[in-house]
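Trainee: I have a new model open. Can you walk me through some local features?

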Number of protein chains: 2
Amino acid sequence: MPTDTAAVRDYLIGLQARLTTTLAALDGRATFASDAWQRPGGGGGDSRVLKDGALFEQAGVGFSHVMGQGLPPSATQARPELAGAEFEALGVSMVLHPTSPYVPTTHLNVRFFRAAKGASDAWWFGGGFDLTPYYPFDEDVRHWHRVARAACAPFGADVYPRYKEWCDRYFFLKHRDETRGVGGLFFDDLNAWGFARSFEFLRAVGDAFLSAYVPIVERRRAQAYGEREREFQLYRRGRYVEFNLVYDRGTTFGLQSGGRTESILMSLPPRVRFEYDWHPAPGSPEARLYSDYLRPRDWLGEAGE
Amino acid sequence: MPTDTAAVRDYLIGLQARLTTTLAALDGRATFASDAWQRPGGGGGDSRVLKDGALFEQAGVGFSHVMGQGLPPSATQARPELAGAEFEALGVSMVLHPTSPYVPTTHLNVRFFRAAKGASDAWWFGGGFDLTPYYPFDEDVRHWHRVARAACAPFGADVYPRYKEWCDRYFFLKHRDETRGVGGLFFDDLNAWGFARSFEFLRAVGDAFLSAYVPIVERRRAQAYGEREREFQLYRRGRYVEFNLVYDRGTTFGLQSGGRTESILMSLPPRVRFEYDWHPAPGSPEARLYSDYLRPRDWLGEAGE
């Protein structure tokens with residue numbers, strides 16, 4: 001089956017440019033610094049980071065295209081026969097950490113893998129986006145999932161529920177019995193639709209992100225907050241760190257494959273708080289995050305939307 | 001070979017009491033809150049945490065004694081035949097996070113394992129202590145290692161170099177090419193000396209800790225510092241988080257074995273900073289930490305002490 005790495009690469013580079021341009025405009029104060037890097041084992045990337053903005057405390061949008069021998073086990077859980085294969089991986093990975101506790105943290109990833117070993121030659125797409133609010137609003141979460149569903153709709157009515165459920169399952173902290181946030185889409189090992197159609201789906205996901213996220217930012221960015229909300233945000237960012245370092249396959253793949261540490265860990269929040277055995281006061285807005293949002297929910301079906 | 005779990009348990013409970021009493025007195029303001037917990041799978045523990053002290057931003061000293069079926073793989077890397085065995089684990093684990101960047105972070109662990117599977121019955125001790133300074137002083141590091149060496153001396157002249165080297169190797173962040181700090185002692189799988197002598201060594205290590213750490217605290221606690229030093233400390237604490245969540249076997253064992261999350265993660269620093277691609281200014285005290293301390297060094301041999 002013919003694949004077209006150059007077309008994927010072009011799309012990803014264009015997506016990174018569109019994201020950074022729009023996000024910098026949205027921020028209104030800070031800009032992205034670009035950091036091109038080479039990987040000793042083969043390939044490289046371009047990490048773009050905005051710091052201390054009016055909206056974003058930190059925003060990182062990375063492009064990478066790496067290749068080498070010896071595909072690490074974290075990349076081949078579904079295909080153990082390819083462990084150690086010659087591989088090529090391209091992706092855009094983004095994490096946005098707003099300063100305001102009322103603006104959700106978010107993550108987007110779109111990626112393409114090729115691996116070859118002996119007679120086996122495989123390729124697949126993966127990616128998705130997910131939202132991690134601190135003080136969530138139902139209308140925001142429904143909007144987020146509505147955009148996700150619309151992006152999936154042309155590919156079949158079963159696509160959104162399947163990848164929404166996968167997202168809930170993937171971004172789950174077992175040791176906390178909590179989802180990371182309110183989910184979105186997650187997919188991996190996608191090749192069953194053939195290259196052209198699978199690539200089309202990747203673009204649909206990548207292209208949908210801004211229309212999912214920007215309206216939420218616009219609605220919440222002006223909301224006043226105090227030390228209480230900020231401290232809660234810093235505390236909950238600890239869960240983001242726990243997830244990324246303990247569970248996230250992109251992170252473990254990156255560290256295992258000799259990836260560029262600074263680019264891999266630019267997903268980590270700029271400031272974080274950990275506190276032993278902290279619990280929200282019953283009935284508080286903070287308690288509502290735990291009880292109403294940090295578990296899988298059907299955001300669109302219930303309301304019959 | 002006869003083992004005596006009750007004696008180990010008594011020692012560990014006594015050690016926890018001595019540590020918390022001395023550390024609270026050293027702090028002078030805050031006290032330890034005690035949190036007894038039960039583990040659904042069997043056993044339990046007592047987590048003691050001091051917060052917002054005059055000296056310690058957070059100090060955690062945990063005792064646990066857990067048992068169950070199905071020893072997790074992280075505990076049996078040296079003994080794959082025991083994966084899934086019936087097991088019992090006892091330990092004291094401590095991490096101290098001082099507020100002042102001039103007072104080092106430190107970690108102590110002493111533990112005892114028993115595992116039985118079919119005809120196999122095994123036990124072993126493990127533990128050690130290590131120091132993580134932000135602005136190190138050579139005399140402090142030499143004192144630290146001198147106490148470590150003295151604790152090991154009755155057990156053979158080769159013991160300190162061996163466990164010092166193991167510590168350097170264990171507390172190493174591969175993705176940063178840095179040691180976590182200036183090391184100390186680390187040992188595991190210790191049973192070759194027989195139960196009585198191995199247990200004696202465990203006690204020697206546990207009992208040596210305060211005489212290794214307290215003099216360093218006394219020398220550095222009054223040193224004035226500003227935002228620059230504090231921000232560097234918060235940044236370097238990020239490495240502590242990275243190590244504990246990515247590499248530490250105690251943490252992964254705890255999370256895998258359904259351990260009590262809050263007790264396992266009380267090792268994490270109360271406040272942390274991550275920053276993309278930060279580097280110390282050449283020639284600065286911060287740069288000296290990287291160049292002179294975050295790599296294995298022979299702290300005692302060179303000076304012929």
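**Loops, helices and cysteines**

Mentor: Start with D177(B), which is exposed at a relative accessible area of 60%. Exposed means over 50% relative accessible area, buried under 20%, and partly exposed in between (1.4 Å probe, protein chains only).

Trainee: What are the ground rules here?

Mentor: This is a predicted model, in which local features need pLDDT of at least 70 and side-chain atom pairs count only at pLDDT 80 or more, while totals for chains, interfaces and linings use all residues. Residues are numbered from 1 along each chain as its sequence is written, chains are lettered from A and ligands numbered from 1 in the order in which they are written, and side-chain values use heavy atoms, with hydrogens and water left out.

Trainee: Back to D177(B). Where is its place?

Mentor: In chain B, in the loop between strand 7 (172–173) and strand 8 (178–179). Helices (H or I, at least four residues) and strands (E, at least two) are DSSP runs, numbered from the N terminus. D177(B) also has a positive phi of about 55°, although it is not a glycine.

Trainee: And what about phi of D52(A)?

Mentor: Phi of D52(A) is near 50°, again a positive value in a residue other than glycine. D52(A) sits in the loop between strand 2 (43–51) and strand 3 (56–68) of chain A. D52(A) counts as exposed, at 58% relative accessibility.

Trainee: Switching to helices. How do helix 2 and helix 4 of chain A cross?

Mentor: Helix 2 of chain A covers residues 138–152 and helix 4 covers residues 195–220; their axes come within 9 Å and cross at roughly 160°. Axes are lines fitted to C-alpha atoms, for helices over the stretch in contact, and angles run from 0 to 180 degrees between N-to-C directions. The two helices are therefore roughly antiparallel to each other. Angles under 35 degrees count as roughly parallel, over 145 as roughly antiparallel, 65 to 115 as roughly perpendicular and the rest as oblique. Helix 2 of chain A passes helix 4 of chain A in a right-handed crossing. A crossing is right-handed if the near helix is turned clockwise from the far one by less than a right angle, and left-handed if anticlockwise.

Trainee: Which residues meet there?

Mentor: From helix 2 of chain A they include W144(A), V147(A) and A151(A). From helix 4 of chain A, F201(A), A208(A) and I216(A) are among them. Contact means heavy atoms within 4.5 Å. By class, this contact of helix 2 with helix 4 of chain A has 12 nonpolar, two polar and four charged residues. Ala, Val, Leu, Ile, Met, Phe, Trp, Tyr, Cys and Pro count as nonpolar, Asp, Glu, Lys and Arg as charged, and the others, Gly among them, as polar.

Trainee: What angle do helix 2 and helix 3 of chain A pack at?

Mentor: About 125°, with the axes of helix 2 and helix 3 (residues 159–170) of chain A 8 Å apart. That makes helix 2 of chain A oblique to helix 3 of chain A. The crossing of these two helices of chain A is right-handed. H145(A), A148(A), R149(A) and C152(A) of helix 2 make the contact with V159(A), Y160(A) and K164(A) of helix 3.

Trainee: C167(A) and C152(B): buried or exposed?

Mentor: C167(A) is buried, with a relative accessible area of 0%. C152(B) is buried too, at 1%.

Trainee: Now helix 8 of chain A. Which residues are buried?

Mentor: In helix 8 (residues 285–293) of chain A, the buried ones are E286(A), A287(A), L289(A), Y290(A) and Y293(A). What covers them includes helix 2, strand 8 (178–179) and helix 5 (227–246) of chain A.

Trainee: Chain B next. What does P285(B) touch?

Mentor: Y135(B) and R228(B), not counting residues up to four places away in sequence. P285(B) lies in helix 8 (residues 285–293) of chain B. P285(B) is partly exposed, with a relative accessible area of 42%.

Trainee: Last one. Where is L26(A) found?

Mentor: In helix 1 (residues 5–27) of chain A. L26(A) counts as buried, at 10% relative accessibility. L26(A) touches residues including L55(A), F56(A) and V214(A), leaving out those up to four places away in sequence. The C-alpha atoms of L26(A) and A54(A) are separated by 9.0 Å, and the two residues are 28 residues apart along the chain.
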